[in-house]
Amino acid sequence: MPVAYIGLGTNIEPRAKRMQEAIDTLKKLGTAVALSSIYETTPVGYFDQADFLNTVMAIETELSVEVLHRSLKELEGQLGRQHRERWHEREIDLDLLLFGDAIIESEGLTVPHPQLHNRAFVLIPLAEIAPSVIHPILHKPVSDLLADLPIDESSIHVYS
């Protein structure tokens, strides 16, 4: 069974409650293998908004990548996601980061996530739970991708 790595994010209160609801709901899509710490991160792209909570969850799933992706989008809606301009606040965001060693580029679905290697708010929690997982396009372990990324330490910290 492939392991899917899913990035979760929220910056609309109640953030911690929304995050826990998303984590609990994702467990219905497969077997939870790992869950990173929850990190508080500054926004990317559009800065006039609240800080985000971010985590990464790994699940083993029997679902195909297409069905899993569709399920994530449906779960976002069930959890109250409203569609806004790019980079703006989110009730919940569920991003399929990796799906085993799959490489997929189709309309509406790109795996691995195209910005995975550029985002500290994804790489830090992903490296916490899966440092040796290899990015199937860049052929580097997640820990190396994180080491290559310049990080502003003030922009991300473990949420307490």
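Buried here means under 20% relative accessible area. I need that cut-off for helix H3, residues 120-129, which is mostly covered: seven of its 10 residues are buried. The model I am reading is predicted.

**Entry: overall layout**

I started with the elements. I find four helices and eight strands. Along the sequence they run β-α-β-β-β-α-β-β-β-α-α-β.

Next I checked the dimensions. The radius of gyration is 15 Å, which agrees with the value near 15 Å for a compact globule of 160 residues. I fitted a box along the principal axes, and the C-alpha atoms fill roughly 40 × 35 × 30 Å.

Of the 160 residues, 49% are buried. I took the contacts with a separation of 6 or more, and 67% of them join residues 24 or more positions apart.

The surface came next. The accessible area is about 8200 Å². Carbon and sulfur atoms own 51% of that area. For the charges, I have 13 positive and 24 negative. Their mean positions lie 5 Å apart.

**Entry: helix H3**

Which residues of H3 are buried? I list Ala120, Val122, Leu123, Ile124, Pro125, Leu126 and Ala127.

**Entry: glutamate 128**

I stayed in H3 and picked glutamate 128. Is glutamate 128 buried or partly exposed? It counts as partly exposed because its relative accessibility is 36%, and the buried class stops under 20%.

Leaving out residues up to four places away, glutamate 128 touches Ser36, Ser37 and Tyr39. Serine 36 is 92 residues away in sequence, yet the two C-alpha atoms are 6.2 Å apart.

The side chain of glutamate 128 has polar partners here. A polar atom of that side chain lies 2.8 Å from the backbone nitrogen of serine 37. The side chain also makes a polar contact of 2.5 Å with the side chain of tyrosine 39.

**Entry: aspartate 93**

I moved to strand E5, where aspartate 93 sits. Aspartate 93 counts as buried, because its relative accessibility is 15%. I looked for a side-chain partner and found arginine 81, in a polar contact of 2.9 Å. With residues up to four places away set aside, aspartate 93 touches Gly7, Leu8, Gly9, Glu76 and Arg81.

**Entry: alanine 50**

Where is alanine 50? I place alanine 50 in the loop between E3 and E4. At 40% relative accessibility, alanine 50 counts as partly exposed.

I checked its contacts next. Beyond neighbours within four places in sequence, alanine 50 is in contact with Asn11 and Pro43. Asparagine 11 is 39 residues away along the chain. The C-alpha atoms of alanine 50 and asparagine 11 are separated by 5.9 Å.

**Entry: backbone exceptions**

Most residues other than glycine have a negative phi, and most peptide bonds are trans.

I noted a cis bond from glutamate 13 to proline 14, with omega near 0 degrees. Proline 14 lies in the loop between E1 and helix H1, residues 15-26.

I noted another cis bond from valine 111 to proline 112, again with omega near 0 degrees. Proline 112 is in the loop between strand E7 (109-111) and H3.

What is the phi of histidine 139? I read a value near 55 degrees, positive in a residue other than glycine. Histidine 139 belongs to the loop between H3 and H4. Is histidine 139 buried or exposed? Histidine 139 is exposed, because its relative accessible area is 61% and exposed means over 50%.

Methods
Residues numbered from 1 in each chain as written. Predicted model: local features only at pLDDT ≥ 70, side-chain atom pairs only at ≥ 80, totals over all residues. Heavy atoms only, no water. Helix = DSSP H or I, 4+ residues; strand = E, 2+ residues; numbered from the N terminus. Rg over C-alpha atoms; globule rule 2.2 N^0.38 Å. Buried < 20%, exposed > 50% of the residue type's maximum accessible area, 1.4 Å probe, protein only. Contact = heavy atoms within 4.5 Å. Areas by Shrake-Rupley, 256 points an atom, 1.4 Å probe, with all protein chains shown as cover. Lys, Arg positive; Asp, Glu negative; His and termini not counted. Charge placed at Lys NZ, Arg CZ, Asp CG, Glu CD. Polar contact = N/O pair within 3.5 Å; in protein donor to acceptor, adjacent residues only side chain to side chain.
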